[in-house]
Amino acid sequence: MTTDRNDLNMGMRCVKYMIFVINFMFLLTAILIVTVGTAIGTIFGDFEYFIDSHFFSPAHLLVAIGIIMMFVSIFGCVGAVKESTAMINIYGVLLAIVFILELAAAISAFALQGQVKEMVRRTLNESMANYNGNPSVEQSVDFMQQVLECCGVDSHKDWSFFLQPVANATESDVVVPESCCPPSTLKESCIPYEYGCLDRLQWVVAQSAALIATGAMTVAFVQILGSICAFMLARTIRRTKSLRAARRWQLQQSLGIMTKPHNPSYTQMEKSEKNPDSEMYLPNSPSVN
């Protein structure tokens with residue numbers, strides 16, 4: 001009996017440790033998701049004048065998923081400590097809900113990838129058209145061209161449609177902002193960057209969306225496995241607790257039989273009361289007559 005009880009305790013301990021390990025992995029994953037979502041949100045924020053607002057949604061959703069995962073992991077650990085089948089089942093359901101949210105983030109990020117090129121071309125043209133009239137737009141365009149080391153949409157010649165040429169300028173001379181020129185050439189004649197900003201900004205946005213989609217799909221796959229494991233662990237806890245109860249009942253029954261009082265005289269008296277004077281013959285008995 002002691003060996004069986006030790007086996008049950010060891011099994012429950014293994015279940016607890018397994019839940020703790022799974023939740024620790026989910027906690028690390030949640031921190032990673034929050035970090036990635038925050039980093040991509042910051043990148044999009046640096047180029048906010050060139051990115052539509054709905055492109056920020058997958059990054060924000062990824063951060064929200066990471067925060068939810070942290071609370072779900074803590075909830076799972078509490079359920080393991082209390083050996084609560086109900087809490088572990090709720091934990092599995094919460095993981096399934098997080099899986100659906102991650103799937104939504106991945107699908108939206110994949111869908112946005114097809115809209116990147118058209119959006120970037122439109123926003124670049126709009127920003128360059130408002131370059132001289134809006135200081136914040138001017139600062140954003142300069143920042144983009146300096147960071148990405150590019151000029152114009154497809155090339156530096158695109159600025160000829162938005163900036164007025166200087167006096168006595170030839171047709172080949174194109175006026176460009178100083179941000180189009182490498183810092184080393186500013187003191188001399190400006191040599192604009194060779195590449196336009198369309199391809200480079202498109203690559204940044206598309207790669208960020210792909211990172212969100214890939215990361216969300218990978219974590220979603222791990223989440224659904226975690227949800228299945230949670231339901232299996234809840235079943236294991238229920239079975240282990242049932243075996244404990246069965247062992248406890250058997251122990252109580254065996255102890256009850258061993259401690260039950262035994263009185264032979266009382267038993268003999270019961271028999272004599274059931275058949276009183278079974279061997280006595282009276283004078284009026286038919287057998288005597």
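This report describes the fold, core, helices, cavity and confidence of a predicted model.

## Basis and confidence

Residues are numbered from 1 along each chain as its sequence is written, and side-chain values use heavy atoms, with hydrogens and water left out. Because the model is predicted, local features need pLDDT of at least 70 and side-chain atom pairs count only at pLDDT 80 or more, while totals for chains, interfaces and linings use all residues.

The pLDDT is the predictor's confidence in each residue, from 0 to 100. Its mean over the protein is 78, and 79% of the residues reach 70 or more. Where pLDDT is low, the predicted coordinates should not be read in detail.

## Overall fold

The protein has 7 helices and 0 strands, in the order α-α-α-α-α-α-α from the N terminus. Helices (H or I, at least four residues) and strands (E, at least two) are DSSP runs, numbered from the N terminus.

Of the 289 residues, 35% are buried. Buried means under 20% relative accessible area, exposed over 50%, and partly exposed in between, with a 1.4 Å probe and protein chains only. Among contacts with a separation of 6 or more, 78% are between residues 24 or more positions apart.

## Nonpolar core

A nonpolar core is a set of buried Ala, Val, Leu, Ile, Met, Phe, Trp, Tyr and Cys residues joined through side-chain atoms within 4.5 Å. The largest one has 58 residues, and Leu 124, Trp 159 and Leu 201 have the most contacts inside it. At least two residues of this core come from each of helix 1 (2-46), helix 2 (57-82), helix 3 (85-113), helix 4 (116-129), helix 5 (135-148) and helix 6 (197-258). Helix 6 gives the largest share, 13 residues.

Beyond its neighbours within four places in sequence, Leu 201 contacts Phe 47, Phe 50, Val 120, Leu 124, Met 144 and Leu 148.

Helix 2 has 26 residues and reaches 38 Å from its first C-alpha to its last, close to the 38 Å expected at 1.5 Å a residue. The expected span is 1.5 Å times one less than the number of residues. The buried residues of helix 2 include Pro 58, Leu 62, Ile 65, Met 69, Val 72 and Gly 76. Glu 83, which follows helix 2, has a positive phi, near 55°.

For helix 3, the 29 residues should span 42 Å at 1.5 Å a residue, and the end C-alpha atoms are 43 Å apart, which agrees. Its buried residues include Ile 88, Tyr 91, Leu 95, Val 98, Glu 102 and Leu 112.

Glu 102 lies in helix 3 and counts as buried because its relative accessibility is 1%. Leaving aside neighbours within four places in sequence, Glu 102 is in contact with Ile 33, Ile 65, Met 69, Ala 216, Val 219, Ala 220 and Gln 223. Leu 112 is buried at a relative accessible area of 8%. Not counting residues up to four places away in sequence, Leu 112 touches His 54, Phe 55 and Pro 58. Leu 112 and Ala 206 are 94 residues apart in sequence and 8.3 Å apart in space, C-alpha to C-alpha.

Leu 94, also found in helix 3, counts as partly exposed at 29% relative accessibility.

## Cavity

On a 1 Å grid over the protein atoms alone, a cavity is a set of points where a 1.4 Å probe fits but cannot get out, and lining residues have an atom within 4 Å of a point. Grid points are joined across faces, edges and corners, and a volume is the space filled by probe spheres set on the points. The whole structure holds 1 cavity of 30 Å³ or more, and the largest cavity contains about 40 Å³ of space.

The lining of the largest cavity consists of Ile 19, Ile 22, Asn 23, Ile 88, Tyr 91, Gly 226, Cys 229, Ala 230 and Leu 233. Helix 1, helix 3 and helix 6 each supply at least two lining residues, with the largest share, 4 residues, from helix 6.

## A positive phi in a loop

Glu 149 is placed in the loop between helix 5 and helix 6. Its phi is positive, about 55°, although Glu 149 is not a glycine. Most residues other than glycine have a negative phi. Glu 149 is partly exposed, with a relative accessible area of 43%.

Note on methods
Contact means heavy atoms within 4.5 Å. On a 1 Å grid over the protein atoms alone, a cavity is a set of points where a 1.4 Å probe fits but cannot get out, and a pocket is an open set with protein on both sides within 12 Å along at least five of seven lines; lining residues have an atom within 4 Å of a point.
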